[in-house]
Amino acid sequence: MTPILWRTADAGDAEALAYLGAATFMTTFAFDHPGEPMMEHLRQEHSAEYYASALCDPAYDVLLGETPLGAPVGYAMVTPPSHPALQQAGDIELKRIYLLAPWQGNGNGKDLLERVFAVAEKRKGQRLLLSVYEKNVRAIGFYERAGFAAIGETVFMVGPVPFRDLVYARNMG
């Protein structure tokens, strides 16, 4: 398997993150997300403008994985928490963690998650939150094996269509 070289994303990576985000979102969720709402979600939440804004925000950390030839294959975004009803002081959130399918299942996800833990510790996060689609059983198993436990649920909107996400937490330190 082609190795992944990890680095902190910078302002010049917005377009690569947009393509990668859209590709992984569609690959993962096209099976039960309606077409036009999903396309609108991608235009808003996975646009180069969205990522350019995130990369300029000092409260965000984005890790980008590339092949040795520079092709983007995965990323993770760590942000302030966005679950007011479930969050506690000292929380930080893993907002996105995506790997293209050929790089899944060979330890790359675990490696990326370890890098996320390091970012959370650098930010002095006491607990790492994430939300995951209830039907994404592979991701749920991955998070549970990494020490995350369900603490509640939230609604994730894709356009006007609601989807049930489970909120997980893992104590840091």
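Contact is taken here to mean heavy atoms within 4.5 Å. The structure is a predicted model, in which local features need pLDDT of at least 70 and side-chain atom pairs count only at pLDDT 80 or more, while totals for chains, interfaces and linings use all residues. Residues are numbered from 1 along each chain as its sequence is written, and side-chain values use heavy atoms, with hydrogens and water left out.

Helices (H or I, at least four residues) and strands (E, at least two) are DSSP runs, numbered from the N terminus. Two strands are said to pair if DSSP finds at least two bridges between them. On this basis, 7 strands form an open sheet of mixed pairing, in the order S1-S2-S3-S4-S5-S7-S6. Strand S1 (5-8) and strand S6 (149-158) are the edge strands, each pairing on one side only. From one strand to the next, the twist averages 25 degrees; axes are lines fitted to C-alpha atoms, for helices over the stretch in contact, and angles run from 0 to 180 degrees between N-to-C directions. Strand S2 (residues 61-66) pairs with strand S3 (residues 72-79) in the antiparallel sense over 6 bridges. Pro 72 in S3 is the bridge partner of Glu 66.

Helix H4 (residues 108-122) lies across S1, S2, S3, strand S4 (91-99), strand S5 (127-133) and strand S7 (161-171), and runs at about 155 degrees to S4. Helix H5 (residues 137-145) also packs on the sheet, where it touches S4, S5 and S7, and its direction makes about 160 degrees with that of S5.

Residues are classed as buried under 20% relative accessible area, exposed over 50% and partly exposed in between (1.4 Å probe, protein chains only). In helix H3 (residues 48-56), the buried residues are Tyr 50, Tyr 51, Ala 54 and Leu 55. Viewed down the axis of H3, these fall within an arc of 130 degrees and so line one face of the helix, the arc being that of the directions from the helix axis to the C-beta atoms. Glu 49 and Cys 56 are exposed on the other side of H3. The buried residues of H3 pack against helix H1 (14-29), helix H2 (35-45), S2, S3 and S4.

In H2, Pro 37, Met 38, His 41 and Leu 42 are buried. They fall within an arc of 140 degrees down the axis of H2, so they line one face of the helix. The buried residues of H2 pack against H1, S6 and S7.

Met 157 lies in strand S6 and counts as partly exposed because its relative accessibility is 40%. Leaving aside neighbours within four places in sequence, Met 157 is in contact with His 41 and Pro 162. Met 157 and Tyr 168 are 11 residues apart in sequence and 18 Å apart in space, C-alpha to C-alpha.
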